[in-house]
Amino acid sequence: MTPDPAPLVVRPLTGPQELDLFNRLTYVLDHELADDLATGRRVPEWLWVALRGDRVVGRVGWWTGRPGAEPQALDFFDLDPELPAEDAAEVGLRLLQTAAAAVLKGGVWPEFGRFMPADWREVPETRARLETLFGILEASGARPLVERLRLEWRPGTPVPEPSGRLVFRPVKDREDLLALMTPVMEGTLDAHGQADLKSGLSPREAAELHYDEELAHYGTPRDWWRIAELPGSGEPVGFVVPARNNYHPIIAYIGVLPAHRGHGYIDDILAEGTRVLAAQDVPRIRAATDVGNVPMARSFARAGYVTFERAINFVWDAPGMSGD
C-alpha cells in the first residue's frame, strides 16, 4: 500500500536565509530576489512556500516598487512540475488563498503578472503547466486581463537618424505631459487604460493615475522625456518617456495624439526614445505592448525590437470587465 503523502504545510519564509528554500522551484525572476529583499521591494513575509516534508511543492510571492508600501503585484506563482494535475490544482489554490489572506489582510488583490516564453502555446509541456496555473487563478476569482509582448532592443541594432518630420523637446513639467496623455487615453488600445476608463475614470483622471502611480517614480532624468512637435508650428504630435525602472532601461510610455494618427509618426517618436537611451550606452532597452495593439507591435518591429518573451496579467478587480 502506498503511504499517504506528508501533510501539506503552507507558510512564509522566516527570513532572507530561507531564500534557497524558495528557489528550489524556478522562474525567470529568481536572480532578482536577493536584491529585492535587500532593498525592501520584497519582504520575507510576502514569500510563501507549500511544503510536503522537505519538498517544496509550491511558492507564491508579492512585490512592490516602493519599499514600505503595500504589495503592488503578485509575480511569483510556481508549482512542482511533478505534481499530478489534480493535486497541483488543490495545492496551488490552498497556497494562494492562505498566503493572500495573511499578506493582503482582506484588501484588494493586486494584479498577477507572469512572464512566459514567446512560444508557450506551441510547447505542450509549457502550455500545460501554465494553463494549470491559470485555472487556479480563475478558481480563486481572477480573470485574464491581457497578454503582452515583451520586447528588447540590443546594442548594435541600427537606430534611424531623425527624419526631419518632427522636432523634439524635453517635457517641461507634469502638466505639460498630462495635457498630451489625456487625449491619448481616448480610444486607447491598451487594456490597462481601457480598464481605467471602464471603471468610471475620465481620460484626465486615468492619465493622472498613470503619471502619479508610475511615471513620477522613475529616478532617471526627466529631460530624457520628449514631446514631438511639427516643425514650424510647434503643434504637438505625441510623446515618449524613456526611463530606467528598478531593473532595466525602458520605453515606459509612448503615444500619438488622435489627430495625428495614421501618418507613421509613431516610428519617429519611438526612434527618438530609443536614441535617448542608446546614447547612455545601455546594455539593452526593454518595452512591452499588448498583443492586440498591432500598430504599436509593428512599429517596435520596424525599430529593431525583438519579442523575447510574452507576459500575461490576471486581475481580481478589473473594473468594467465581464464577471463584475
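Biologist: In which helix is H210 found?

Modeller: H210 lies in helix α7, residues 203-213. Helices are DSSP runs of H or I with at least four residues, strands are E runs of at least two, and both are numbered from the N terminus. This is a predicted model: local features need pLDDT of at least 70, side-chain atom pairs count only at pLDDT 80 or more, and totals for chains, interfaces and linings use all residues. Residues are numbered from 1 along each chain as its sequence is written, and side-chain values use heavy atoms, without hydrogens or water.

Biologist: Is H210 buried or exposed?

Modeller: Buried means under 20% relative accessible area, exposed over 50%, and partly exposed in between, with a 1.4 Å probe and protein chains only. H210 has a relative accessible area of 18%, so H210 is buried.

Biologist: Which residues is H210 in contact with?

Modeller: Contact means heavy atoms within 4.5 Å. With neighbours within four places in sequence left aside, H210 contacts M181, M185, L215 and Y253.

Biologist: Where is the place of W225?

Modeller: W225 sits in the loop between α7 and β8 (226-229). Its relative accessibility is 1%, so W225 counts as buried. Residues up to four places away in sequence are not counted, and W225 then touches R169, P170, V171, L177, Y211, L215, V240, V241 and P242. Between W225 and R275 there are 50 residues in sequence and 12 Å in space, C-alpha to C-alpha.

Biologist: Which residues of the largest nonpolar core touch the most other members?

Modeller: A nonpolar core is a set of buried Ala, Val, Leu, Ile, Met, Phe, Trp, Tyr and Cys residues joined through side-chain atoms within 4.5 Å. The largest one here has 47 residues, and L177, M181, L215, I251 and Y305 touch the most other members. Another core, of 32 residues, lies apart from it and has V91, V103, M116 and L130 among its members.

Biologist: How is an aromatic pair read?

Modeller: A pair of aromatic rings is described by the distance of the centres and the angle of the planes. Rings of Phe, Tyr and Trp (its six-membered ring) pair if their centres lie within 6.5 Å; planes under 30 degrees apart count as stacked, over 60 as edge-to-face and the rest as tilted. The count by this rule is nine aromatic pairs. F134 and F314 form a tilted pair, with 5.2 Å centre to centre and 35° between the planes. This pair links distant parts of the chain: F134 is in helix α4 and F314 in strand β12 (residues 306-315), 180 residues apart. F134, at 9% relative accessibility, counts as buried, and F314, at 2%, does too. F300 and Y305 form an edge-to-face pair, at 5.1 Å centre to centre and 70° between the planes. F300 is buried at a relative accessible area of 1%, and Y305 counts as buried at 4%.

Biologist: Which residues do ring pairs link into a cluster?

Modeller: The cluster joins F112, W120, F134 and F314.

Biologist: Which element gives the most to the lining of the second largest pocket?

Modeller: A pocket is an open set of points on a 1 Å grid over the protein atoms alone where a 1.4 Å probe fits, with protein on both sides within 12 Å along at least five of seven lines; lining residues have an atom within 4 Å of a point. α4 gives the most to this lining, with five residues.
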